[in-house]
Amino acid sequence: SALSGSNAGALAIANGGGGLSSANVLSTQLSIVANLILAGTTTDVYSVELGGFDTHSAQADTQATLLGQLDKAVSAFVDVMGSSDQGKDTVVLVYTEFGRRVSANASAGTDHGWANVVFATGPRVTGGFYGEPPDLSKLSEGNLVFTTDFRSVYATVFEKVLGVDPASFLDGKFPSMTFV
């Protein structure tokens, strides 16, 4: 395995290190990505997935479990990337294709909504809150209204991380952000 050092423990477990294995599918996927990056591959973009967030029922328990897995996997990955020369420029985007409605439905879940968040993390990400927070007193048809166009997040990553002009990918020009 290309993983080494004190920060690699959680990802090494995902690799089967020490005879252990991880039930966290995201840890396993990010472990593979970490090994590829640390081995010096020239791939610029990787995509991994953690499903199960489409919580139309029993949302609280499901999200607690999934968000715990997300936290453990992404934290371990970012720690390993930050401790290596090969991973020092890594930026992780955590996003979903749709938001959730604000109010719970009759099954203690929420249905598909409009606005959502994107989390950015990694050794070169400047922490903080970017954009305007959603206003719970100004819903539209029961949905949060977005305040930052997701294409600005993508434009920032295309331009500042990948070094390419985002206009051709995004079918237009969108303002860059300062998180990287």
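Start by selecting residues 25–38, which make up helix α2 in this predicted model. This helix has 14 residues and reaches 20 Å from its first C-alpha to its last, close to the 20 Å expected at 1.5 Å a residue. Now show the side chains of α2 and look for the buried ones: Leu26, Ser27, Leu30, Ser31, Val33, Ala34, Asn35, Ile37 and Leu38.

Next, zoom in on the start of α2. There, a side-chain oxygen of asparagine 24 comes to within 3.0 Å of the backbone nitrogen of leucine 26. Then hop to just after the helix and click on glycine 40, where phi is positive, at about 90 degrees.

You'll find threonine 90 in the loop between α3 and β1 (92–94). Is threonine 90 buried or exposed? Its relative accessible area is 14%, under the 20% cut-off, so threonine 90 counts as buried. Its side chain reaches the backbone oxygen of glycine 87 at 2.8 Å.

Two elements, α3 (59–82) and β4 (119–121), each give two or more residues to it, and α3 supplies the largest share, with five. Color the lining by type and you get six nonpolar, two polar and one charged residue. The space inside this pocket comes to about 200 Å³.

Notes. Residues are numbered from 1 along each chain as its sequence is written. This is a predicted model: local features need pLDDT of at least 70, side-chain atom pairs count only at pLDDT 80 or more; totals for chains, interfaces and linings use all residues. Side-chain values use heavy atoms; hydrogens and water are left out. On a 1 Å grid over the protein atoms alone, a cavity is a set of points where a 1.4 Å probe fits but cannot get out, and a pocket is an open set with protein on both sides within 12 Å along at least five of seven lines; lining residues have an atom within 4 Å of a point. Grid points are joined across faces, edges and corners, and a volume is the space filled by probe spheres set on the points. Helices (H or I, at least four residues) and strands (E, at least two) are DSSP runs, numbered from the N terminus. Ala, Val, Leu, Ile, Met, Phe, Trp, Tyr, Cys and Pro count as nonpolar, Asp, Glu, Lys and Arg as charged, and the others, Gly among them, as polar. Buried means under 20% relative accessible area, exposed over 50%, partly exposed in between (1.4 Å probe, protein chains only). A polar contact is a pair of N or O atoms within 3.5 Å; within protein, one must be able to donate a hydrogen and the other to accept it, and residues adjacent in sequence count only if both atoms are side-chain atoms. The expected span of a helix is 1.5 Å times one less than its number of residues.
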